[in-house]
Each structure stands twice: as C-alpha cells, then as structure tokens.
Amino acid sequence: MRLRRMEGGLLNLPGIYIHVPFCSAKCPYCDFYSLVGREKTDAYCAAVTDELKTLRRVGPLADGLKDRDISTVYFGGGTPSFVGAENLSRLLRAVKENYVLLPGAEITVECNPSSSLVPGFFETLAAAGFNRVSLGMQSAVGAERKKLGRRATAADVETAVKACQQAGITDISLDIMLGVPEQTESSLLSSLDFALSLGVTHLSAYLLSIEEGTFFDKKRDALNLPEEDAVCDMYLSLCGYLKNNGFRHYEISNFCLPGHEARHNTAYWRDEEYLGVGPAAHSYLNGRRFYFPRDLDAFISGMPPVDDGPGGGWEEAVMLALRLDTGISLQEIKEIFAVAPSPSLPAILQQYQSAGLLTFDGDRLTLTERGFLVSNTLIGEIIDVITP
Amino acid sequence: MRQKKEHIRNFSIIAHIDHGKSTLADRLLELTDSVAKRDMQQQLLDNMELEKERGITIKARAVTLDYKAHDGNTYELNLIDTPGHVDFNYEVSRSLAACDGAILIVDATQGVEAQTLANTYLALEHDLELVPVINKIDLPAADPDRVCADVEEIIGLDCEDAPRISAKTGQNVEAVLEKIVRDIPCPEGDDDAPFKALVFDSVYDNYKGVIVYVRVMDGTLRSGDTMKMMATGATFTVVEVGHMRAMSLENTGVLKAGEVGYITASIKSVSEARVGDTVTKVGNEAAEPLPGYKKVNPMVFCGLYPADGADYEALKEALEKLQLNDAALSFEPETSGALGFGFRCGFLGLLHLEIIQERLEREYDLDLVSTVPSVVYKIHLSDGRVVEIDNPTNYPDPAVIDYVEEPMADAHIYSPPEYIGVIMALCQDRRGTLKDQQYISSDRVDIHYKLPLNEIIYDFFDALKSRTRGYASFDYELCGYERSNLVKLDVLLNGDLIDALSYIIHSEKAYPRARKIAEKLKDNIPRQMFEIPVQIAIGGKVIARETIKAMRKDVLAKCYGGDITRKKKLLEKQKEGKKRMRQFGTVEVPQEAFMAILKLDDQT
C-alpha cells in the first residue's frame, strides 16, 4: 500500500486497460465479455480510438485524466491476438497519440497461442512498442486442454513462446488453471515443468471457479472436477514448487521471477487508478468507478461509461492489499486513513497466526498460502476487527 | 330482593378451532346493527392482528348487543368471547362462569372435535344451557345430518331444532338469535345485595388505565363508588361503568345485578385486576368472594434474548408493555454466557410463547433468539430440600440430586381410527402411558394418554398433525408431578459450554438425542477458519461428538479492474451474514442452528 494522493495533485499515474471482446470460440469456463468472430473488429477499433480521444476531454472521466501521464497499458480480452498484430499496433498508436506514456511503461497484450502463430506476429507487436505478453496456456496436458476447449497443443504454446522471445519480447507470462476436470497433482506439476522449461518470467495460476451461465456451470455435475481438498493441496504444492524454482509468490494467483511483477495488475491491488476502454471495461478515476456496459454495439455507437459509485477508502485498500505478499501495515492504515484498529485485533490475529493463516509482526500483516485459500472470509474477518 | 332479569341474556360461543366462532360473532353484530356495515372488518371481535392471521382468539372480549326479538321485546344480549386454545383454559373457564348459556358451534363438515368436547365439558361444569348450532352448511362437504347425529350420540345434546347456518354467508343466522332469547335462561340477582362481580377479562388502555370486564352477580355499582379487588385487597375509585359496544365503550354510570359491563378506575396494571378475581364495593362489601379464583402460573419457560445486544432495553420495555395486558406472562432478567443479557420468560403454554414472541418481533420490531423451552422441574436434593427449576442452566450437579419430578399432562387425542397406530407410536415415543381408548362414534376414537409435559410442549402438536394428515385433534390438562429419570445435556463448541443450548431430557433418550444435536449443529454451523469440535455431554462425560472441519477454500482467484466492485459487494454480503451470527468464543453460530435444534423432530 502506498500513498495514493498528495495534497494538491495526483501522485500515482493511472494505467490504461483496453478490452478486446473477440474470440475464435467461447471457452466453456469463461464468463468474460466476448463475441465469437471478427465481424465488428473495424468498427470496434474505430470506437476505441474515438473514446481514447474524447474521454480525456469531455465527460465524467476527463477530470481524472487531465495532465496525467500513463504508467502502464494492458490489452485484455477476449483474445486480443485474435484481431491481429496490425490492429493491436494501431490501437496502441492511438493510445500514444492521446496520452503521454512514461518512459519504460509496461505495455502488455494477452495472446492465445494459435492466433499468434502467424509469421511476423510478435515482430509487429515489438515494433509497435509492446514489451510484455501474457499467453493463455491453461494446461500442458492434452486431456485437460481438450476439456477446457483449448484448440492449440502444448507444442503450439512452445512455438509461440519461442517466437515471442525471438522477436525480443522476453517478459512472458503463462496462465495455468488449477482444479480443472481430470487434473491431478502430478499432471499439474508436469504443466509447471513445461512452463518453466520455456523460460518464462511470470506465471498466473488460477483456481477454476465455475461462473454462472457458462457451459461448465450447466454441465457442473458431469465435469469430474477434483475434490476441494485435492484442489487446495494442488495449490499448496504449486506454491512450493514455484518458490523452489526462484519464483516470488507476490499475489494470490501470481508468481514471477524477481523484478518481473505485472505492474499494470499490481496497480489494481494497490487500489490505484486506471482508465478502461471497451465494452465491459471498468475505470477508476478521481475517486469514482465507471464501466462500459457489456454491449459491443452500444460501445460502437458511443454510449458513455456508466457511473459505478465511489471507489477508495480503507476497506477497499485493505481488501486488495491483502492479496499481495506485502500485505498491510497497521501503522500505514492509521496514517493514511486515520483508522485505528480495535484493541482486540492483536489477540484475534494471533489466533489466525497459530492456525497458520497469516503472519503478523505487530505491524505488518500478510496472509500465508493457506490464508490466501480462504481469503474471502479471512479478509472480511480482518476488516471486521480493524473496524474500530 | 332476588329477581329475574327477563331482558338480559349472557352467553358465549364455544367451538373447536376454525369451526367458525368469530365469523358467527361478526354476523350477530351485523344483524343487531351493532356495527355499521362500513366499519365491519372481518372478525371484529378478534382485534389483534395476530389473532386475525392465526384465526384464533387469544384474549376474551365481550360486547353488548340490542336485539328486538320476534316476541316484540328488546333484549340486551351480552356475548362473551372465549379464547380458543388449551393454553388459555383458565380464561375460558372464567368467561364461562360469567355466562348463563353457550352456543356450541359444530362444523358441518368436520363434526365433533377435541375442543368441541373439552369446551362442552367446561360449559357443563358451569351449568350452562347449551345451544347447538351446525355451521358451514354452505360447504359442499357439509353433512349436517351426520354431524347432528354425532352431537346427539357423543355429547347427548338434542339437535332436532339446532339452527343449521352458514356464518360465512349469513344464511339462517337470525335463528341463532331467537334460540338465544328462547333457550338461554335469563340471569337472576339482587340489585340491593352487597356488590359482587366476576372479572372475566381485563385490558390495559393507554388513556383509561385497566378496563375491567365483569359480570355482576349481585348489587349495584356506580361511578364514584369505591371498589375493592377481593383477592388483592386493593381499592380504587370507580371512574366509569357501562356497557361494551362493538365500536366503543358506553358509559352508563351504573351496573346492576345480572349485567355484563366494564369498570375503569385508574388501575395501572392488569395484574391488579386479574381474571377470576371478585370486585366488591366498599361500604356494602360482599362477605365471600366468588368461587374459582386462581392465579395462573406459567407452565413453559424459555430465555428470550435480543439478537442485537443493544436492543436489551427495547426488549425490556416491550415485555413490560405486553405484561400490562397479560397477567400470565412473567419475565425476569437472565444472563447467558452464550447469548448475553436477556430475560427468562414464563408462558401458559407453547402457543402463548409463540404469540408473545411473534408480537415482540412484529409489533416491537425486535430480532430475538430464544432458547429451548423448558417446563418446571422439582428437584429433590439429597439434603432434603426441594428446588424448582425452569432453566436447564440452573440444573444442580447430579451428585447432589436425590430424585427429580416432572410435570405430567392428561391428554386426549381424538382421531379417525385408522391413525390409532401412528398416534400410539408417537405417544409411546414421547414416554406416554395409555390410559384408555374409546370409540366415541364409528369413525372417531378417543385415545387417552398420560404424557410428560416436556414431551408435548415443543413440537408434539405439529408431529401429531403431520402424522394424521391433520385429522387428529388434541387437548390436555395438567395432572401433577411424577418421579422421572432425567439428565441434563450440555453442548460444547470448541470446548466452550453453550449454556443456551442445554437441554433436560429423559435418560433413555439422551444418547440418540445427543447424537442428533451434534449432527444438526455440524450441518448448520458453516465451516469456519478453524476446526471446531462439537461435543454433547452429561455432567463431564462426552456422549456424542462431531467435528466441523475448517474451511479450506473460499477465494476469488482473479481480482482485476472489473472485479473490485464485485469483490466489495461480496464483502458487504459477508458482513450482512455475520449479523445473523452469534459469536461464542471463537465460534460463530447462525440463528438457524438454534432453530434447527429447537425443531429437532424425531422423524428426521
């Protein structure tokens, strides 16, 4: 947690998120906003370019963007790579034309292995200024990939990573899923081995959650999902395995080699501000939250972002900061938010500490791996005892 | 001089629950123009919201109707309504003592039921003239001929010219009024004798103080007289006397022998003018009170605690207000290690308990946690002392107990014969002793059991209804104490005794019950950050044990820009959920877990 605002001005710089809502097919577990096919990509790109231009000049977000440089850019989806390197480069150019990017700004794009196998794909991205790629691998095991609806093979993933590295983008993250159908601890470890062998610098490991309305939700009973206890054990052994291989476990689901944290995402957990463009993209600027509705046509027609209420405050900051391995400092909370924790706090934290759910040194409080697994409840409990 | 009061009739209506008592009362009010049509709400006499909803009368009320009969005379008809539930038997008996006759309503589709009989016997004990009325003849399933035969056979009442009516549609209701005038005897009394009036109800009013409802036996009382309550000796100056009209009180300034009316005298609480007491007049005092007064004692006790400790004062005030109007409700402060500050409350029975609880929650907007209801046990200690306890928490150490006595109930269950088997199984399971079994007609059997009161206070009636598909009816009265082999079950969560869940039970049932309580707690307490042992113990000995495993996985794996609002909402929901939890040491117990233990039905 850092001081977010200084008197008279804004200290930390916002990031920009661009949501690219197109995919070649819908994955059975995914509930992100996305449409199948490239039909409206041109209109979409034009609309994003347009919004980037107007949002900073007029409307409710303009104040929060005025005179602020940009520290990170992130293209997420959907499948950004599905719209092609040219379109992505054009969109990044639109960002640069309208905003001042800090020197060395992190610029990430999510890619799917199969759509990035086009020759020259990563070279084009690198030339445009992209310097970080997040690849959706999910699993290196054929049977699991099939269940997850991933069409590319593990070999395709390897080819894509190599191509990316050769093009000069070496900050590469792979996504891995935990608790997917058919998965066992040994199949998970083989996926990890495969990922590490490719020399990537970052891994995101997500526990599968079945979201309402997805295909998995409808087929829940037929999925042959591993038991909850087994999934928890998998998570713990994954954490241990990556640590042994020099990775830092810096957020509940994120691991990196030292110095390769995802800066854009880390800003979310520090409760910093961001601009989101594209249908279903969220913004947090000038202390307020906004979002574009999950509706591509509305976005293309220029519908403005919807106000989603105020953001910030100590509860939000604590809720997010406890996802990080840096945790929270009671002293800092007191200084920044003028919140004095209740006197019973140390005794209660002590109990959680003996149960192995957190570590507490009298000031700094961080969740352990087992604490991360129950973080929804645990964070709620902690906020409850901080409340004076 | 003793004289007949030719133009007065004092009567009540008795019936089994739902046989149409209140509906008939409404029709009588309408027919005698006591209420303008536009003021007519359904079931006017039941004026508590809860009564309307449950369709039962909780408190007695009375009303004076003027009826111009076919003989050309105008009669003063005093209708005294009676509560319709076994919990309020004493109040019923006092209301009946104020009457000279009663209308017995029997449902033409259902015939004679448990309370039909119980109320008939009560009425006969008071020498009341009974006027049978067959109701609900408009229903397709009505069989008035059969029901008349039933009444003649079972009760021995001649039904040949019993009015057959539909109180709902109003069909033939006039005949009931004529029957009242013709068949119910008029009261007798001496206007000059020492004043003597029976209190059959009393109601607290914010402006007038207690309104005392009386039946005058002898003498005359006027405003300004000094009255005296014979049981308590308290005296008051009479402010108003008069008749109860359907919509208001009519201050007539005088009440005479034979009449039914009200008195106000700036009385502060109904406990000073209890049902059954005798009012007399200072200066012309009665030598003896009327017979039959008793102070009703609560039979069923439970702890009531505010779900939010901050509501303690509000709960206290609410109980005080309810007590102004309900002399049978008792309460005293109690502290529970588990539930904090609350009150030990005493009730006439389970219905009374439920009604009070519901009124507290609805009318006073209180969120309550209640403990398992208990009866009053007599504990004979080894040193010869006898203590009465109504709270399992106070149960003495078994080492100092010589023996324990529990209250018994004499119960009659009326049912179609095909359910005899399941009813006996139920009663047997509830430690009942079969006393007698009698066919009162070809399709109705009276099963007579002696049952421990603690086996029937909670869910007996529900269990009976569900096993007999609603066909059986049930009535009981207390019949003293009997020696019994009882033990106290204690519940420990994470090693801490949860006093509010302690339970007194017959030793033979202790083990299965303990296992069930442990299971229910395990199922109803959500997994928490720590593993929680659930233990059920007698004395220091654990007889059942379960473990609530620690929560392992509750995590939002992805939390990026768009997920933050979602995560915040989740946190809010969590906070809401916590409000419904009770904290016991480190363990959070949802109120549902308490309810689950209370509703421990033996069929599940």
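## Helix α9 of chain A

Helix α9(A) covers residues 228–244, and its 17 residues reach 25 Å from the first C-alpha to the last, close to the 24 Å expected at 1.5 Å a residue. The expected span is 1.5 Å times one less than the number of residues. Helices (H or I, at least four residues) and strands (E, at least two) are DSSP runs, numbered from the N terminus. This is a predicted model, in which local features need pLDDT of at least 70 and side-chain atom pairs count only at pLDDT 80 or more, while totals for chains, interfaces and linings use all residues. Residues are numbered from 1 along each chain as its sequence is written, and chains are lettered from A and ligands numbered from 1 in the order in which they are written.

The buried residues of α9(A) are Val231(A), Cys232(A), Met234(A), Tyr235(A), Leu238(A) and Leu242(A). Seen down the helix axis, these buried residues fall within an arc of 155°, so they line one face of α9(A); the arc is that of the directions from the axis to the C-beta atoms. Asp229(A), Gly240(A) and Asn244(A), on the other side of α9(A), are exposed. A residue is buried if 20 or more other C-beta atoms lie within 10 Å of its own, exposed if 12 or fewer, and partly exposed in between, with C-beta atoms placed from the backbone. The elements of chain A against which the buried residues of α9(A) pack include β9 (171–178), α7 (185–197) and α15 (369–373). Just after α9(A), Gly246(A) takes a positive phi of about 90°.

## Strand β3 of chain A

Six of the six residues of β3(A), residues 15–20, are buried, so the strand is largely enclosed by the rest of the structure. Gly15(A), Tyr17(A) and His19(A) point one way, and Ile16(A), Ile18(A) and Val20(A) point the other.

β3(A) pairs in the parallel sense with β6(A), residues 70–77, over six bridges, and also in the parallel sense with β13(A), residues 274–277, over four bridges. Two strands pair if DSSP finds at least two bridges between them. Ile16(A) has Val73(A) as its bridge partner in β6(A) and Leu275(A) in β13(A).

Chain A has 16 helices and 19 strands. Of its 388 residues, 46% are buried. Among contacts in chain A with a separation of 6 or more, 73% are between residues 24 or more positions apart. Two residues are in contact if their C-beta atoms, placed from the backbone, lie within 7 Å.

In chain A, 36 residues are in contact with 23 residues of chain B. Helix α16(A), residues 375–386, gives the most to this side of chain A, with six residues.

## Sheet and hairpin in chain B

Chain B holds an open sheet of eight strands in the order β12-β11-β17-β8-β9-β16-β13-β14, with antiparallel pairing. At the edges stand β12 (235–237) and β14 (249–251), each with a single partner strand, so one side of each is left without a neighbour in the sheet. Within the sheet, β9(B), residues 209–218, and β16(B), residues 260–264, pair in the antiparallel sense over five bridges. Ile211(B) stands opposite Thr264(B) in β16(B).

Strands β33(B), residues 581–584, and β34(B), residues 587–590, pair in the antiparallel sense over four bridges. Arg582(B) has Val589(B) as its bridge partner in β34(B). The hairpin of these strands has two residues between them, and Gly585(B) takes a positive phi near 60°.
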